[in-house]
Amino acid sequence: MNETYEITYWLRIDTAPEKEEEKLLSLIKSFQGEIVEKSVPKKIQLSYQINKQNLGFMGIIYFTAEPEAISKIKTELKLYKNILRAMITKNKPVGQESRQEQYTEKLTSKETKSELESVESNFALPISTPN
């Protein structure tokens, strides 16, 4: 079953970011990954030097793939010399609500709102005004 992943990557400043992004996209597709969304790589100041680089391009690609393919993709990424760093994380499935969204929805129901207001009024601190 395909899972949803995010790859965040940092490229050397002296590369063509579009060309490197295309390499990443073809790598993902070569392992039967499907691109969901991608951001345009942006020039950023790195928080700390990576391989003697202070500046770089940062981009994000969201994709779906089999969990077994991720280790293979990570192995291949190490061979790309223009990638300073890359991190792949698992995301929630596309189209499903996150727990935070479900919790927020629950809090906005009428019953819960009145309960929340009564609890908040019990814990409200008196406001003192300067004389």
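Glu34 touches Tyr62, Phe63 and Thr64, leaving aside residues up to four places away in sequence; contact here is heavy atoms within 4.5 Å. Between Glu34 and Phe63 there are 5.4 Å from C-alpha to C-alpha, at 29 residues apart in sequence. Glu34 belongs to strand E2, residues 34-38. Helices (H or I, at least four residues) and strands (E, at least two) are DSSP runs, numbered from the N terminus. With 54% relative accessibility, Glu34 counts as exposed. The cut-offs are under 20% relative accessible area for buried, over 50% for exposed, and partly exposed in between, with a 1.4 Å probe and protein chains only.

A word on the model. This is a predicted model, in which local features need pLDDT of at least 70, side-chain atom pairs count only at pLDDT 80 or more, and totals for chains, interfaces and linings use all residues. Residues are numbered from 1 along each chain as its sequence is written, and side-chain values use heavy atoms, with hydrogens and water left out.

Now the whole chain. There are 4 helices and 5 strands, in the order β-α-β-β-β-α-β-α-α from the N terminus. Of the 131 residues, 30% are buried. Among contacts with a separation of 6 or more, 72% are between residues 24 or more positions apart.

Next, helix H2, residues 67-77. Which of its residues are buried? They are Ala69, Ile70, Ile73 and Leu77. These residues lie on the same side of H2, because they cover an arc of only 110° around the axis; the arc is that of the directions from the helix axis to the C-beta atoms. In general, an α-helix has 3.6 residues a turn, so residues three or four places apart point the same way. The buried residues of H2 pack against strand E1 (3-12), helix H1 (17-30), strand E4 (53-65) and strand E5 (83-91).

Ile70, not counting residues up to four places away in sequence, touches Tyr5, Phe63, Ala65 and Ile88.

Last, two loop residues. Gln32, in the loop between H1 and E2, is not a glycine, yet has a positive phi of about 60°. Gln32 is exposed, at a relative accessible area of 64%. Asn51, also not a glycine, has a positive phi of about 50° and sits in the loop between strand E3 (42-50) and E4. Asn51 counts as exposed at 56% relative accessibility.
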